[in-house]
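Please keep the sequence and the model in view while reading.

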Amino acid sequence: MGGGYAYRYRHEQVSASEAVKPVRGYPVKIIFLYGSWNRRCCSIVQEAEGLHYAAVPVIEKLHRGTELLYLTVKVDDDDECIDVCTRSLQDGGLEAPPELPCVLLVAHPPTNDNNAKMRVEHVECRDLEQALVDNFETEHGELPSSKATENLALSLKEAWSRLFDAKGILLPPQPKQSKRNIVVTKRRVKTEPAIRIFVAGDKSQVGKSSICMGLLGALLKTGKYTPSDLAYIKPATQCEAIQLVEEFCKHKGITSCVPIGPIVYYKGFTRSFLKGETGETSEDLLQKASEAVDTLAMGKKVVIIDGVGYPAVGSITGTDNASVARACGRLFSVPGSTAATPERVPVPVLLIGKSGVGDAIDSFNINATYFSHRNVPVLGAIFNKMNLEGFYSLENCKEAIDMYFDKFQPDKRAFGYIPQIPALTNARENVASISQEDQLKEAVKSADLFVEKFAEHVSVDAIVDAARKATLRYIQSTTSTQNRETVSGTKRPAEEIGVTTLANNNDQSKHPRIALKSATPGFALSREQIEAMASASGAAGG
C-alpha cells in the first residue's frame, strides 16, 4: 500500500519494451525516462521516491482509489530501448520528448476494448531533476514546498486532465504530432548526450583556441546546429586575458561559453600546490573540471573542450591534458556493474599540428602517444598555418601527410589543412593603436574570415562523426570486457582495461594523483597571498 493513501502502487526498473506492455491491476503508469548522464537523480528515481511523493497528493485529489505503477527506464541501455522510446504510439512506442529526463503518464484502456490504444501524456516540467530531489528530501506524504515541486505537481495534474475526465473515464486521444516532428524527436534523443571533443596542441601558441573557434563557426555554417546546440569550455588555463573565441561566441549567440575554467595555473600556483598550501588535491581540481563540463553539456549536441599548452602541461599537479580529457568525458553505466558511480569515456582528442611533413608527423606521433598511453583515444589532426607556395606548400604537404595516414595509421586521419591567411598576419599589432570598441569590431571581422577559410579546408562533420564513433567504441569495449570478466570470474589489471572513473584514475596515470596535506589541517593560502609571495620572489608564471 502507498503510505496510507487510498491507492496501491509499486515500482519497477524495466526495459522500454516492458514499459509499454499492460499490467493487470494497474491501468495507470508513471514512467520516468532517463539517461546514464542524468546522474543527479539516478539513485532517487530508481527508488521511485521523488515521483511517489510528488504524485501522492495530486493523484489522490483527482481520483481516489487509483492504482499506480511506477516504472523507470534507462533510455540508453541499448538500441532497442532507444527505438521503443522514440517510436510513435501508433507503432507501439512511447513517443518520448527530446530532452531527458522526463516523466510520462500512461493509461491503458479497459481490456474489453480491443480497438482502444494506449494513451501517453508528457508531464512537462521545467527543473524536473530539482523537483525530484526536493520531493525526496521532504517528509513522506507532505505537500510539495519548493517552486520546482509545485511545477511538477501542476504538470502532473494537467497531464492527468488530458487523459481522464472528472469521473476517471479515459478520454479519446488528441490529434497527434506530425511525422516530421517524430523524426526530429528520434534524432535528438539518439544524439543525447552531447558529443565531446578535446582540442590539444603539439605546443603552446599552435592555434588551439582559433581551431576551437573555427569548429564552432563551421558547425553553425552546416545548418545542422543552432548556437544553443553548441558549447565551449577551457577547463584549465594559464592565460586569463580575453580571447578571440570568447568574443566570437558572444558575436554568434553561443551563450554556453566558459573561457576560463576551474583550473587556473596562476602565478605561484604550482609550488604552493606542491606544498599543500592551495587546500586542493589533484582529484579536487579534476572533479571541478568534470562538473563544469557536465553542467555545460546539458542539452547540447557538441561541446568543444580546449586544452592548455602541449599534452603534458599540468602534469606536475596531476592535471595534465590527458587527465583532464579522462575526467571530462561523458558518463556511462556498465550493465551489471556493482560500481558505486558511473564510469566516464575519455574525451576523444583532436590534435592541432604544425606545417611541414616530417616534423609535423613526428610531433603528431609523440603527442598522440602521450594520450594513447593514458587510454585517451586520438581521432587525428588538423594541420594549421600551412604555407601557400613552395616545396612546403599546403598541397604538397597534404599529399604526403594523407599518404602517411593511409599507409601507417588508417584508424586516424588528417581532417584538414588550414593555410596561412595574409589578411590576418600581424592583425593584433595592426589594431593596437585604435579604440577598444574598434579593436573588438576588427577582431570579430578577423574571426569571421578565419571561420570562412576553416570551413573550406576542414571536414567538421567527419570530426564530429569520428568523435561519436570513438565514444561508442570505448563504451562497447569496456562493457564487453567487464561482461567477460563477470562470466569467467577473472579480472584483468586496471591498466589493461582503461577504466575511467575518477576514483581509480590513480591506477591509470603514470603521473601521480597528488593528494598533499599541509602541516596544519584545514590550512590554505588564498590566491592573492600566493601570487603576492610569488611576485616578491621573482616568479614569472605558474
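## Glu 280 and its surroundings

Leaving aside residues up to four places away in sequence, Glu 280 touches Phe 273, Leu 285 and Lys 288, where a contact means heavy atoms within 4.5 Å. Glu 280 is placed in the loop between helix 10 (269–274) and helix 11; helices (H or I, at least four residues) and strands (E, at least two) are DSSP runs, numbered from the N terminus. The side chains of Glu 280 and Lys 288 are joined by a polar contact of 2.3 Å, a term for a pair of N or O atoms within 3.5 Å of which, within protein, one must be able to donate a hydrogen and the other to accept it, with residues adjacent in sequence counted only if both atoms are side-chain atoms.

The model is predicted, so local features need pLDDT of at least 70 and side-chain atom pairs count only at pLDDT 80 or more, while totals for chains, interfaces and linings use all residues. Residues are numbered from 1 along each chain as its sequence is written, and side-chain values use heavy atoms, with hydrogens and water left out.

## Helix 11

Val 293 is found in helix 11 and counts as buried because its relative accessibility is 0%; buried means under 20% relative accessible area, exposed over 50%, and partly exposed in between (1.4 Å probe, protein chains only). Not counting residues up to four places away in sequence, Val 293 touches Arg 196, Ile 233, Pro 235, Ile 305 and Cys 328. Val 293 and Arg 196 are 97 residues apart in sequence, yet their C-alpha atoms are 9.3 Å apart in space.

Ala 297 also lies in helix 11 (residues 282–297), and at 6% relative accessibility Ala 297 is therefore buried. With residues up to four places away in sequence again excluded, Ala 297 touches Ala 194, Arg 196 and Val 303.

Helix 13 (residues 358–373) has 16 residues and reaches 22 Å from its first C-alpha to its last, close to the 22 Å expected at 1.5 Å a residue, the expected span being 1.5 Å times one less than the number of residues. Its buried residues include Ala 360, Phe 364, Asn 367 and Phe 371, and the buried residues of helix 13 pack against elements including strand 6 (195–201), strand 14 (349–353) and helix 14 (394–408). After helix 13 comes Asn 375, whose phi is positive, near 65°.

Phe 371 is also among the residues that touch the most other members of the largest nonpolar core, which has 50 residues; such a core is a set of buried Ala, Val, Leu, Ile, Met, Phe, Trp, Tyr and Cys residues joined through side-chain atoms within 4.5 Å. Apart from this core lies another, of 41 residues, among them Val 206, Met 213, Phe 248 and Val 458.

## Aromatic pairs

Twelve aromatic pairs are found in a search of the whole structure; rings of Phe, Tyr and Trp (its six-membered ring) pair if their centres lie within 6.5 Å, and planes under 30 degrees apart count as stacked, over 60 as edge-to-face and the rest as tilted. Trp 160 and Phe 164 form a tilted pair, 4.5 Å centre to centre with 35° between the planes. Ring pairs also link Tyr 265, Tyr 266, Phe 269 and Phe 273 into a cluster.

## The chain as a whole

The secondary structure of the protein chain comes to 20 helices and 16 strands, and buried residues make up 51% of its 542 residues.
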